[in-house]
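Hello,

Here is the structure for your files. Please open it first, then read the notes below it.

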Amino acid sequence: MGRYILYRLFLTLFVLIGITVLVFSMIRLVPGDPAELLADQWATKEQIEFLRRTWGLDKPLLVQYIVFMKNLLQGNLGESIASNMPVAYEIRMRFPNTLKLAAAGMVIAVVIGGLAGIISATKPYSLFDNLAMVFALIGVSTPAFWLGLMLILLFSVKLNWLPCTGADTLRHLILPSLTLGLLAAGIIARQTRSSMLETLQQDYITTARAKGLREITVIYLHALRNALIPVVTIVGLQFGRLLGGTVLVETVFSWPGMGRLMVDSIFTRDYPVIQGAVLVFAAAFSLVNLGVDLLYGFIDPRIRYA
Amino acid sequence: MRKVFWLLIGTLALFSAALGAEPRSGGTLVVALGTDIPIFDCVYCHGIPNLGIIHLVTQGLTRINPTGGEPKVLPVLATSWEQSPDDPRVWIFHLRQGVKFHDGTPFNAEAVKFNIERMLDPETGALARGAFRMIEAVEVVDDYTVKIITKEPFAALPAQLAYSPMCINSPAQVRKLGNKEYHKAPVGTGPFKFVHHIRGQEVRLEANEEYWGGRPYLDAIVVKPIPEVASRLMALEAGEVHVAYHVPPRDAKRYMDNPGLGIDVLTPPQQRRMFIGLNVQWGPFRDPRVRQALNYAVDKEAIVESIFLGLTRPMDSPMPPTALCYTPAKYYEYNPDKARELLKEAGYPNGFEVTLHYGPGRYLMDTEVVEAVQFYLEQVGIKVKVVALEWAAYGAMMRKPLEENKLQMFFIGWGLPTLDPELGIGLFSKAAWSPGLNCMFYTNPEVEELIKAQRAATTLEERCAIVKRIQELIMEDAPFIALYYEPQIHAKRREVKDFVISVTERIDEVLIRDTWIEKGE
């Protein structure tokens, strides 16, 4: 087990190095650079070039990359062009916010999606099942910014129950995490339902029922655990998606997370921040995936890592 | 019956207004900007509304008259100034006396010298260093008099010093924290003191009890970035913020039509010129008749009325009406027949094909305007292919020198934060060719001469006479399709009183002292 984890982490390292190469070259190949963008109406050619030199952007791409990697190995992600602050500081200020949002969204998604899926599967083609699956379909196909704006309109503007922007208190977390959670709940509900339906037709379920076990025990102890593998995969993927995909929700709720930091940085071509943020996202995504793989073993003892 | 009811309501409102007219202290003003303030130091920050917030803490020497009226330049930390009669390169600035920085150190001529030199020092890496490159030296005459010497006569200096990146910071604090770290605890002379700046989240300022203009009524100001306009307006309507920057015309109309919402629309005067730049070195645009034809082909009034609901006016000069020495030089009325005639004369009876670039989302209603222009040009036989680019990529295209520049037509807005002809018409010279902003690659020998001449003018009359001629020449040469001046539309909740956003898009750093909130929080 330990060796397996080490092996996976070792592989992740290569993935991350690959990502630095990709991001580093991609953002520099896209037209537009920070010196041109931040220089004002009076700027001369000399001044634009001076700013480029200040930020080390006048050097050949390979030299810039080597400098970046050298700093990275010393734990230094560089300094933001827009704010003069260390990139690590910018990320430290933002990442917990995104994590909080994604985690809260995930909890909502799992609770609502999971429950809806289980109930639908036990009463297939019932009114509840049909309604739940229609809502799941709506959830899967609704754009996040639209749902977010509608929630703000209802709960902030009309009812005045919840704040619509900011991130100071737990109350601020409700609407954005609900937006994220409701959208992800759709997929989870559908996956749980189909996986449960399949499991409920297995022989051992019939056996369990024949033994005279209570239906609730049959469903939650015998069926659910076995139906969980595909569900956990989807949840893991969704969590990764939530981490990276909070950009729209963060924009609508002006939530100070990584997504907005990244978008702001892309618009101003703040290269060091983009590099750092993508790297952190990639690392988080890889770790979540690793976590999901390890979880399989706990859910289904037949799965072993050697 | 209904009339009586409204009359009653009106009388009541008047009464309460009269009763409530006495300003009261207290409360926190919450302002929502569309942009995030990246850093709290004028020297490294960009974006005029962002800089306007920084100016509430670290003020300037001068400021632009918020109404755009005369005189164009008003005092802040400098109380008066004069150009030396013997040497037009020398300016004397008299400073406000008895002013202290928030850290208790005195504001004086040394501080002015320190800050201007910090801006000019290449080591600082100031984004706007180029805007002050005409300054050769700053000399301290006495504690409250400072002499600024320009390399050549430069009539626009007092206006130039009002440009947002020029702030007077406490030299003691800058020395203590160093250039790079100073933004963490900036210290100025303004009506508000810096409390904190959490990037992407909020800026918090508190009243300066010892402000030289008297303590402000407000206790504090909080500034939040809310990039999504729909969220920004909902936050305003929900009462979460008091002021929202940049409101689309249709929402402004909704607020004006529904006074019950308790939201006032602010429309400070305009200074940004919106036009379609024409690369005068490209194909058909080499012929001025073609460029004039394009100007006649577009119905500016219809654009102003239907897209901007009449909140602005068509462009009739390369400068905005609020600029010093503005003159309505020439207005190209909508006349498609004349446009066709001119095109025929120039040898394009069947029109031609051309590509128009723009960066959607940058300016108010930009896509709508570009589509309207495309439609009008189609009517006179010109097929316009519209290419939308992300702003930074579009900017990179504009900064390319002539040989590599691929732009034919492009939609752009030029702000004039100093309201001065220097920048107002200076960009129409060869010196401003890309990578400067003149990617129309326009030049006219007579205009070039006159631009130099206006700099050296020592009286306003002399300067304005020259500048009037320049405006006429540029409008006649038409290196652009002159469209309109971008309206500034913002909104505030009605309980906020005496709140002023300036012609420069900044919250006025002096008038903010008088802003108050009727209901407190």
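Contact here means heavy atoms within 4.5 Å. By that rule, 49 residues of chain A are in contact with 50 residues of chain B.

Some ground rules. This is a predicted model, where local features need pLDDT of at least 70, side-chain atom pairs count only at pLDDT 80 or more, and totals for chains, interfaces and linings use all residues. Residues are numbered from 1 along each chain as its sequence is written, chains are lettered from A and ligands numbered from 1 in the order in which they are written, and side-chain values use heavy atoms, with hydrogens and water left out.

**Chain A against chain B**

The two chains bury about 4100 Å² between them (accessible area lost on being put together, 1.4 Å probe, summed over both). Carbon and sulfur atoms give 57% of that. On the chain A side, Gln41(A), Trp42(A) and Asn84(A) supply 19% of the buried area, more than any other three residues.

Two salt bridges cross this interface (Lys or Arg side-chain nitrogen within 4 Å of an Asp or Glu carboxyl oxygen). Arg199(B) forms a salt bridge with Glu90(A), with the closest N and O atoms 2.9 Å apart.

**Inside chain B**

Chain B is divided into domain 1 (1-57 + 190-269 + 488-521), domain 2 (58-172) and domain 3 (272-485). The bounds come from an automatic or database domain assignment. I looked at domains 1 and 2 of chain B. Their C-alpha centres lie 28 Å apart. Domain 1 of chain B puts 29 residues into the contact, and domain 2 of chain B puts in 26.

The area buried between these two domains is about 2100 Å², with 57% from carbon and sulfur atoms. Which three residues supply more than any others of the area that domain 1 of chain B buries against domain 2 of chain B? They are Val43(B), Tyr44(B) and Trp212(B), with 29%.

The rule finds two salt bridges across this interface too. Asp508(B) and Arg63(B) meet in a salt bridge at 3.0 Å, N to O. On the side of domain 1 of chain B that touches domain 2 of chain B, α2 (48-55) and β8 (192-198) of chain B each supply at least two residues (strands are DSSP runs of E, at least two residues). α2(B) gives the most, with four residues.

Best wishes
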